[in-house]
Amino acid sequence: MQDMEKANPIQVLLVEDSPGDVRLTQEAFREANPSVHLHLASDGVEALAFLRHEAPYRDAPRPDLTLLDLNLPRMDGREVLAYIKADESLKTMPTVILTTSEAEVDIARSYQLQANCYLCKPVQLQEFEALVKSINDFWLTRAQLPQRQDS
Amino acid sequence: MKVAPEGRMPLHVLLVEDSPGDVLLMQETFRDVNSSVRLHVVNDGTQAMSFLRRGPGYADAPRPDFILLDLNLPKMDGRQVLVEIKNDEDLKTIPTVILTTSEAEADVVKAYQLQTNCYLCKPMQLHEFESLVRSINDFWLVRARLPQAREPS
């Protein structure tokens with residue numbers, strides 16, 4: 001079972017600038033699904049470099065799922081989302097907004113830009129863990145994801 | 001503006017599904033897990049577009065908060081419905097999830113190319129199907145933020 005998990009990792013890209021939230025997400029995924037390989041980008045510029053396989057991400061795998069914060073330094077999540085959904089090869093990759101903003105304008109705009117889904121980060125630790133579990137349950141266990149084209 | 005039991009806003013879910021058994025299962029499961037859900041059912045792609053555009057027979061149809069769409073439908077299939085929804089500036093923000101029997105990779109990829117929000121396969125076993133509907137409710141109708149309808153529903 002362990003070999004299977006290592007042989008077939010699920011690649012998740014987390015675009016998040018808060019170290020605390022990064023750590024929470026890492027731990028919650030480790031609990032929920034050891035097959036998940038969580039890649040980190042701390043701003044929009046790094047995220048795009050990862051997705052475009054630019055240095056230092058030349059060997060980066062294509063993510064099966066991207067979790068994207070909206071409010072990021074250098075290039076915000078809205079720009080990253082717009083880029084992903086305008087790119088023929090990236091737009092099929094499920095991209096879920098995971099952010100603190102509950103503003104209706106952010107929700108509406110994200111869905112206009114064709115975000116697959118929009119989630120608000122809970123403040124409570126237990127609720128945050130429960131949310132990551134449900135992301136894992138729904139997106140990585142139940143949903144059909146498009147297979148990676150460059151694997 | 002209608003208010004659901006418990007004083008909560010109704011959640012309008014449009015189910016585009018031609019199998020009576022699957023419709024019944026979803027009606028029963030949603031009724032069990034979420035009393036805010038108003039499940040609207042249409043049986044083919046043409047009805048789906050009439051509902052969404054408030055055409056003949058659907059003048060008072062509410063704007064759905066969420067759409068569950070089978071692929072294999074009479075008259076106009078789900079792929080065509082998806083194309084029409086996602087090409088419509090107004091409709092494309094409604095989260096639209098494919099729920100179908102096909103596991104074919106070509107169907108999955110095509111649906112994501114057409115910008116479906118998510119793709120789900122219907123399980124064969126009844127209890128697994130119920131479990132899937134519960135998880136759809138939990139993830140999409142409880143946890144996720146959905147765009148607000150622009151007019152009172």
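This is a predicted model: local features need pLDDT of at least 70, side-chain atom pairs count only at pLDDT 80 or more; totals for chains, interfaces and linings use all residues.
**Notebook: two chains, loops and helix pairs**

**Entry 1, a loop in chain B.** I started at B:Gln115, which sits in the loop between helix 4 (105-113) and strand 5 (118-121) of chain B. Helices (H or I, at least four residues) and strands (E, at least two) are DSSP runs, numbered from the N terminus. Residues are numbered from 1 along each chain as its sequence is written, and chains are lettered from A and ligands numbered from 1 in the order in which they are written.

Back at B:Gln115, I looked up the backbone: phi is positive, about 75 degrees, although the residue is not a glycine. The cut-offs I use are 20 or more other C-beta atoms within 10 Å of a residue's own for buried, 12 or fewer for exposed, and in between for partly exposed, with C-beta atoms placed from the backbone.

I counted five helices and five strands in chain B. Along the sequence they follow the pattern β-α-β-α-β-α-β-α-β-α. The C-alpha trace spans about 45 × 35 × 25 Å along its principal axes. Chain B has a radius of gyration of 15 Å, which agrees with the value near 15 Å for a compact globule of 153 residues. That radius is taken over C-alpha atoms, and the globule rule is 2.2 Å times the number of residues to the power 0.38. Of the 153 residues, 37% count as buried.

Two residues are in contact if their C-beta atoms, placed from the backbone, lie within 7 Å.

Helix 1 (residues 20-33) of chain B packs on helix 5 (residues 126-143) of chain B at an angle of about 50 degrees, and their axes are 10 Å apart. Axes are lines fitted to C-alpha atoms, for helices over the stretch in contact, and angles run from 0 to 180 degrees between N-to-C directions. The angle makes helix 1 of chain B oblique to helix 5 of chain B. For the wording, angles under 35 degrees are roughly parallel, over 145 roughly antiparallel, 65 to 115 roughly perpendicular, and the rest oblique.

The crossing of helix 1 of chain B with helix 5 of chain B is right-handed. A crossing is left-handed if the near helix is turned anticlockwise from the far one by less than a right angle, and right-handed if clockwise. Which residues make the contact of helix 1 of chain B with helix 5 of chain B? I found B:Leu25, B:Met26, B:Thr29, B:Phe30 and B:Val33 on helix 1, and B:Phe129, B:Glu130, B:Val133, B:Arg134 and B:Asn137 on helix 5. They divide into six nonpolar, two polar and two charged. Here Ala, Val, Leu, Ile, Met, Phe, Trp, Tyr, Cys and Pro count as nonpolar, Asp, Glu, Lys and Arg as charged, and the others, Gly among them, as polar.

Chain A has six helices and five strands, running α-β-α-β-α-β-α-β-α-β-α from the N terminus. Of its 151 residues, 37% count as buried.

I picked helix 3 (residues 44-51) and helix 4 (residues 77-86) of chain A, which pack at about 20 degrees with axes 9 Å apart. Helix 3 of chain A is therefore roughly parallel to helix 4 of chain A. Their crossing is right-handed. A:Gly44, A:Ala47 and A:Leu48 of helix 3 meet A:Gly77, A:Glu79, A:Val80 and A:Tyr83 of helix 4.

A:His53 lies in the loop between helix 3 and strand 3 of chain A. Its phi is near 55 degrees, positive in a residue other than glycine. With 13 C-beta neighbours inside 10 Å, A:His53 counts as partly exposed. A:Pro56 is found in the loop between helix 3 and strand 3 too, and the peptide bond from A:Ala55 to A:Pro56 is cis, with omega near 0 degrees.

The contact takes 21 residues from chain A and 22 residues from chain B. Helix 5 (104-112), strand 5 (117-120) and helix 6 (125-142) of chain A each supply at least two residues of the side that touches chain B. By class, that side of chain A has eleven nonpolar, seven polar and three charged residues.
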